[in-house]
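Hi,

Here is the structure I said I would pass on.

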Amino acid sequence: MISSIEYMKNLIAGSRNVVCLTGRAATYGTGCELYREEFEYELEDRYGRSLEEMFSASYYNNRTKDFFQFYRDEVLKKRGTPNDVYYTLAQMERDGKLGGIITRSIFSLASVAGCQNVINLHGSIYDNRCPHCNRQYDISYLMDRQPVPWCEQCGAIVRPQIVLRGEMVDNIKITQAADVVSKADLLLIIGSNMNSYIVNSCIKYFTGSKVLLLNWAPHYADGKADCVCTGDIPSLIRQIYP
């Protein structure tokens, strides 16, 4: 395993189709509280319930009013803004280097930063639809319609198109992700470790040359990557793609 900014920089410069997998650490410093490790404990103190319980399909179905209060206050109001990780990826895409981004994040930070080819495995907070008539609504509608956002057209509850705990990822998105990864000549993993769900789900489709990893701290599985750099992720990516 190699640990060299210059080595990564040269590999990306010589690549024709980089595909990026982003994990929760890529969002650090963006204001997305949901992925901050201490946030789970703070939620339990405020609500007396765990994040796992409140961010679940069961909680949505059985305590809908409480779910939307939590969702508005703790997810939508704290959705954050892109950092240099996402703006650099957008530049890579514009330069013709980046073939796609695959993420489990629901905050669509890459898209907000300007990326076009993004597969949101767990959906997006910006995608809200009526499950009956399929009418679409933006975030402001969910924020303004309290306690529950009812569809103006048919009266059903508007559903955020995100994967809650206890729900399955859309097979179409998994197929799309596999196809994108299979065409990559370089796999760039940002803010995740080599044993994470997203890496294990996607790397089996990778037939390219090298796997590069940028993460905030070392991990025992780092040896599975060809090159690893750890530290402040926005600073690292600015160095490998200035």
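This is a predicted model: local features need pLDDT of at least 70, side-chain atom pairs count only at pLDDT 80 or more; totals for chains, interfaces and linings use all residues.

Residues are numbered from 1 along each chain as its sequence is written, and side-chain values use heavy atoms, with hydrogens and water left out.

Back to the strands (DSSP runs of E, at least two residues; helices are runs of H or I, at least four residues; both are numbered from the N terminus). β1 and β7 (residues 186-190) run parallel and are joined by 5 bridges; two strands count as paired if DSSP finds at least two bridges between them. β1 also pairs with β2 in the parallel sense, again over 5 bridges, and there Val-19 has Gly-100 as its bridge partner.

How enclosed is β1? Of its 5 residues, 5 are buried, so the strand is largely enclosed by the rest of the structure. (Buried means under 20% relative accessible area, exposed over 50%, partly exposed in between, with a 1.4 Å probe and protein chains only.) In a regular strand the side chains alternate between the two faces of the sheet. In β1, Val-18, Cys-20 and Thr-22 are on one side and Val-19 and Leu-21 on the other, and both faces are covered.

Next, Gly-99, which belongs to β2 (residues 98-103). Gly-99 is partly exposed, at 31% relative accessibility. Beyond its neighbours within four places in sequence, Gly-99 is in contact (heavy atoms within 4.5 Å) with Asn-17, Val-18 and Asn-117.

Now the rings. The whole structure has 10 aromatic pairs; rings of Phe, Tyr and Trp (its six-membered ring) pair if their centres lie within 6.5 Å, with planes under 30 degrees apart counted as stacked, over 60 as edge-to-face and the rest as tilted. One of them is Tyr-28 with Trp-216, edge-to-face at 6.1 Å centre to centre and 65° between the planes. Tyr-28 lies in the loop between β1 (18-22) and α2 (39-47) and Trp-216 in the loop between β8 (210-215) and β9 (227-230), so this pair ties together parts 188 residues apart in sequence.

Cheers
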